[in-house]
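Me: I would like to learn how to read a structure of this kind, one feature at a time. Could we go through it together?

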Amino acid sequence: ATGVMLRTTPHRADPDPIAVFPLQIGAGMEIGFPIAPRIAIGVVFLILLISFRHPGRALLAMFPLVFGGIWMFGICSLLHLKLDFFNIIILPALIGIGVDDGVHFTMRYFELGEGSLPEVLRDVGSAVWMTSLTSLIGFGGLAITNYAGLQSLGQVAIVGIACALMATVIVLPSLLWAIERLRGKGRASSN
C-alpha cells in the first residue's frame, strides 16, 4: 500500500532502494523545510545587520522578503498551490529576489535621506520593476509547460516574485513615508 517494493530473501526483507529514494527525499523535505528557510533568513538578516549597522534599517531592507513571503504563502494557499519536490527549489531564488529588492530600495533611500521617496521610487523602483518583470517572464515560461512539476514551479515563482515586487514598490515606500511622518510629528511636538 505504501508503494515500496520489498525483495525477500530467506533471512530478511529489504526495501528496494529505487522505490525508497523518493520517500527519503520527501521525509527530508518534511524535516528540513521548516528549518532551512529560517536559517537562510537569519543569515540574511545578520549580513544586512553588518551591512547597514543598524537593526531597524536591516529590518526595513528585509521587509519585502518577509511581507512578500507572507503574501506568497497566503495566495498559494488560496490558489491551492502546494509546495512540493519541484517547486520548493524556487524558494532560495525568491529569498534572493525579495532581499535584493529591499536592499536596493532602502540603501538608496538612506543615501538620499528623508523626503527622497519620489526620487527613490523613480530610480530604484523602475529597476525593481524591470528585474522583477524579466524574472516573471523567465519563470512564467515554466508555468505554461506540459509538465506538472515545472508548471507548479513557474506558478509559485510568479506568485512569489509578484508579491516581492508589490511589497517593494507599494508597501515599503508607504511604510517609509509613515515613518517619516511620525518622525516629523515627533520633531514638531518637541519644538
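Me: Which backbone nitrogen lies 2.7 Å from a polar atom of the side chain of Asn-87?

Reply: This is a predicted model, in which local features need pLDDT of at least 70 and side-chain atom pairs count only at pLDDT 80 or more, while totals for chains, interfaces and linings use all residues. Residues are numbered from 1 along each chain as its sequence is written, and side-chain values use heavy atoms, with hydrogens and water left out. The backbone nitrogen in question belongs to Asp-84.

Me: Where is Asn-87 found, and is Asn-87 buried or exposed?

Reply: Buried means under 20% relative accessible area, exposed over 50%, and partly exposed in between, with a 1.4 Å probe and protein chains only. Asn-87 sits in the loop between helix 3 and helix 4, helices being DSSP runs of H or I with at least four residues, numbered from the N terminus. With a relative accessible area of 0%, Asn-87 is buried.

Me: How should I read the largest nonpolar core, and how many residues does it have?

Reply: In soluble globular proteins, nonpolar side chains tend to be buried together. A nonpolar core is a set of buried Ala, Val, Leu, Ile, Met, Phe, Trp, Tyr and Cys residues joined through side-chain atoms within 4.5 Å. Here the largest has 15 residues, and among those with the most contacts inside it are Ile-90 and Val-156. Helix 3 (55–78), helix 4 (91–112) and helix 6 (148–190) each supply at least two residues of this core, with the largest share, 6 residues, coming from helix 6.

Conventions. Polar contact = N/O pair within 3.5 Å; in protein donor to acceptor, adjacent residues only side chain to side chain.
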